[in-house]
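Have the structure open as you read.

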Amino acid sequence: MVSERMKGLGTARSVIRELFEYGKLRAAQVGAENVYDFSLGNPSVPAPAAVNETAIRLLTEQGDQIHCYTSAQGDQGARQRFADSLNRRFGAHYTADQFYITVGAAASLCCVFNGLACPGDEFVVFAPYFPEYQVFIEGAGARMVLIPPEIEGFQIDFAAFEAAVGPHTKGVVVNSPNNPSGVVYSRETLERLADVLTRKSREYGHPIYLISDEPYREIVYPGFQVPWIPHIYRDTIVCYSFSKSLSLPGERLGYVLVPGDITDAGDVYAAVAGAGRSLGYVNAPSLFQQVTSLCCDLTSDLKVYEENRNLLVTSLREMGYHVVEPGGAFYLFPRTLEADDMAFSERAKQFDLLVVPGSGFGAPGHVRISYCVQTDMIRRALPKFKELADSYR
Ligand code: PLP
């Protein structure tokens, strides 16, 4: 006998993985250059040279210590550098003891959900959303409450949101810049969200935490700004990761920031740490705690994402696709040319275009295009997107 839930999670491949595997098979048949794979969110630009140089220097200079266990919450010096960096950038006053270093944003989220969830608790999520939220929230024994998408601009449907927040709401998750829409929440949206949360927290007599999942914080395009959310809503917990900003998804490094002024900050921090312990994380990779904290003011060269975005948005719109302009991240979420996004994704395969149906992100009628790919592949794919559009005329 095994856990049916875990067996299900272990055997059901995500739609994204299915597409990726299909792409590999198809590449073997028709040649890799003839398959246009927009399925995965794997950064296509290398980490800055300073990352590798720092890693090599640390391995050379601290070879005897760098592989050791660190404190469970992460090395004190690394946490201090993360705090200093945010303080410089956002005029904040964070301290090292408010940071809990994790194996990436996925672990940050798991630590927060497990740390906060009491029996019967709910976490509100806005569609379109990163599908693993459901796995993480349910894994913490809580319930995910999904708010349907506001498809004109992928901001927030406030009427639906207000109706969904209730006495069991423990937290609300935001992800801006967003996977899969690429949309950045405006300051106005965030201030309105903060007003609702302040009012509802008072009404229900307990804090409703805002969990800001921000692995794409640094990937923002001209004309857009990502406001620092803890300055807009006090009870914010930040989940961060260097997977995208420094192109280090395989190294597994991120953090949870529990600002000292949130309600019950000491208890929340202790619960996050306790969750990390119960999940068996022990500590985040020692070498990359040092590397990321020494390089945390840098990013990979993000220009290619901007070039890819501009090329795709302009070209797809010219072909008649409806696209909400993405302000950040490296995803585009156009409307499909038929209501059924699964059928559209299947039809796209006939042109060797691999795009992910929006249903899995809670937003049917759309597909996700990950444009963290070579610009040349996008150029070669454009005639295929045109043929796909023409096939609907
Ligand atoms: N949150 C969002 C919105 C993501 O897109 C991802 C990864 O793609 C994660 C969290 C997990 O990131 P990490 O690799 O840091 O665990």
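## Ser370 and its surroundings

The side chains of Ser370 and Arg368 make a polar contact at 3.4 Å; that term covers a pair of N or O atoms within 3.5 Å, where, within protein, one must be able to donate a hydrogen and the other to accept it, and residues adjacent in sequence count only if both atoms are side-chain atoms. The Ser370 side chain also reaches the backbone oxygen of Leu40, at 3.3 Å. This is a predicted model, with pLDDT of at least 70 needed for local features and 80 or more for side-chain atom pairs, while totals for chains, interfaces and linings use all residues. Numbering runs from 1 along each chain as its sequence is written, and side-chain values use heavy atoms, leaving out hydrogens and water.

Ser370 sits in strand E12 (residues 367–370); strands (E, at least two residues) and helices (H or I, at least four) are DSSP runs numbered from the N terminus. Ser370 counts as buried because its relative accessibility is 0%, buried being under 20% relative accessible area with a 1.4 Å probe, protein chains only. Setting aside neighbours within four places in sequence, Ser370 is in contact with Phe38, Ser39, Leu40, Gly41, Phe330 and Tyr331 (contact means heavy atoms within 4.5 Å).

Domain 1 puts 30 residues into the contact and domain 2 puts in 34.

## The largest pocket

Where does the largest pocket lie? Both domains give residues to its lining, so the largest pocket lies between them. Its space is about 1000 Å³, meaning the space filled by probe spheres set on grid points joined across faces, edges and corners. A pocket here is an open set of points on a 1 Å grid over the protein atoms alone, where a 1.4 Å probe fits, with protein on both sides within 12 Å along at least five of seven lines; lining residues have an atom within 4 Å of a point.

Of the 37 lining residues, Ser14, Ile16, Arg17, Phe130 and Glu132 lie nearest the centre of the largest pocket. Elements giving two or more residues to this lining include helix H2 (15–30) and helix H5 (104–116).

## The second largest pocket

The second largest pocket has a volume of about 330 Å³. Among its 19 lining residues, Phe20, Asp37, Phe38, Val373 and Met377 are closest to the centre. H2 supplies the largest share of this lining, four residues.

Technical notes:
Buried means under 20% relative accessible area, exposed over 50%, partly exposed in between (1.4 Å probe, protein chains only). Domain bounds come from an automatic or database domain assignment.
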